[in-house]
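Here's a quick tour of the charged side chains in this model. Have the viewer open and follow along.

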Amino acid sequence: MNNKVVKSFGSLAIAGLLAFGAVGCGQTESESDEAEDNVATEDVEDSQEEVQVDDNENSDVNLDQVLQEEDSETAIFSYAEDAAPDIDISGCDTFTQIVDQKLEPGMGYANVTIGDADALIVCSGAYDNMDGNMAAIDGTIFVYVDGVPTEIGKVCSGGTAYPLAITSDGKLMSASNHWVAKYLIVDNQLLMVERGAVEYDSEGTGNYEYDRIDDYSDGSEVVEAESMVNSMFDQMGDAEVINFDVIK
C-alpha cells in the first residue's frame, strides 16, 4: 500500500483549499500546418510515449489533489456548514429555550460533554440506529460563552454508517468512507484535532494522509499514516453513538 509519513501539526488555523491551473499558448493556423508537415513517424511515436508518461504523472497528482481538496480539514468543515441546520437563537438565554422555541418537528438535540465543555448539539434529523439510539450525521454545536448560548461550529458525517459519536476520552467523531475526524472544544472553539483520509487509485492502492494537533502546540512526532488512519476508523466504530431526542 502507498503510505505517507506525516508529521503532526501544531497550528490551530484551518488550512485553505489548494487550487491548480495551467496557462498555455497557441500556434497560428499556418504554423500548425507547417509543423504537422515536418513531423516524422518516429517523432510521433516519441510524442505518444511522452503523453503516456504525462498522463500517469497527472493521475498521481490528481490522487493527492483529491485528498487535499475533497478530504481536507477545510472541506470537511464546509460539508458540515451545508449539512447541519442554521438556527437563529436570538432571544434565547438557555439551551432549554433553544430546544423549546427554535427547533422544528423532526429535528433532534442532545446534551453532551466534549472534552471539558458541556455542549448542545442540534441535528437536522435523526434516525433509528438499531442499537437503542436515535442517531444523526450532522450537528450544530452550542456552548455557553459568558453565560450566553453561542454557536461554535458544525460537524457532519458522510452517511448513516457513521453516526456522530463520542470517544471514551471525550472527543467528538465524524467520518465518511474516505475520511475520519476527531474534534474537541478548547477555549470555546471547535477544533479538529485529528484527521485521517484515504483514496484509492485504479489498482486499489491506498494513498493515506494523517494530521493531528499535539497538546495544541507544535508537535514533532513522525507517524505512519496508514496505521493511524485505520486506527481512527476503529475508534469511530468503538465510540459511543450520540442519542438525540427528536422534536415531535
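With which side chain does the side chain of arginine 212 make a polar contact? The partner is the side chain of tyrosine 210, at 3.2 Å. A polar contact here is a pair of N or O atoms within 3.5 Å; within protein, one must be able to donate a hydrogen and the other to accept it, and residues adjacent in sequence count only if both atoms are side-chain atoms.

Before going further, some ground rules: this is a predicted model, where local features need pLDDT of at least 70 and side-chain atom pairs count only at pLDDT 80 or more, while totals for chains, interfaces and linings use all residues. Numbering starts from 1 along each chain as its sequence is written, and side-chain values use heavy atoms, with hydrogens and water left out.

Back to arginine 212, which sits in strand S12 (residues 206–212). Strands (E, at least two residues) and helices (H or I, at least four) are DSSP runs, numbered from the N terminus. Arginine 212 counts as buried because its relative accessibility is 11%; the cut-offs are under 20% relative accessible area for buried, over 50% for exposed, and partly exposed in between (1.4 Å probe, protein chains only). Its C-alpha lies 8.7 Å from that of glycine 196, a residue 16 positions away in sequence.

Now for the salt bridges, meaning a side-chain nitrogen of Lys or Arg within 4 Å of a carboxyl oxygen of Asp or Glu. Side chains of opposite charge can pair when their charged atoms come close. The structure has six salt bridges, including these:

| Salt bridge | N to O distance |
|---|---|
| Glutamate 81 – lysine 154 | 3.8 Å |
| Lysine 182 – glutamate 194 | 3.2 Å |
| Arginine 195 – aspartate 211 | 2.5 Å |

Take glutamate 81 and lysine 154, which meet in a salt bridge. Glutamate 81 is in helix H3 (residues 73–83) and lysine 154 in strand S7 (residues 148–156), so this pair ties together parts 73 residues apart in sequence. Glutamate 81 is partly exposed at 43% relative accessibility, whereas lysine 154 is buried at 2%. Both also belong to a salt-bridge network with Asp86.

Next up, lysine 182 pairs with glutamate 194. Lysine 182 belongs to strand S10 (residues 179–186) and glutamate 194 to strand S11 (residues 189–200), twelve residues apart. Lysine 182 is buried, with 5% relative accessible area, and glutamate 194 is buried at 12%.

Finally, arginine 195 pairs with aspartate 211. That links strand S11 to strand S12 across 16 residues, and both partners are buried.
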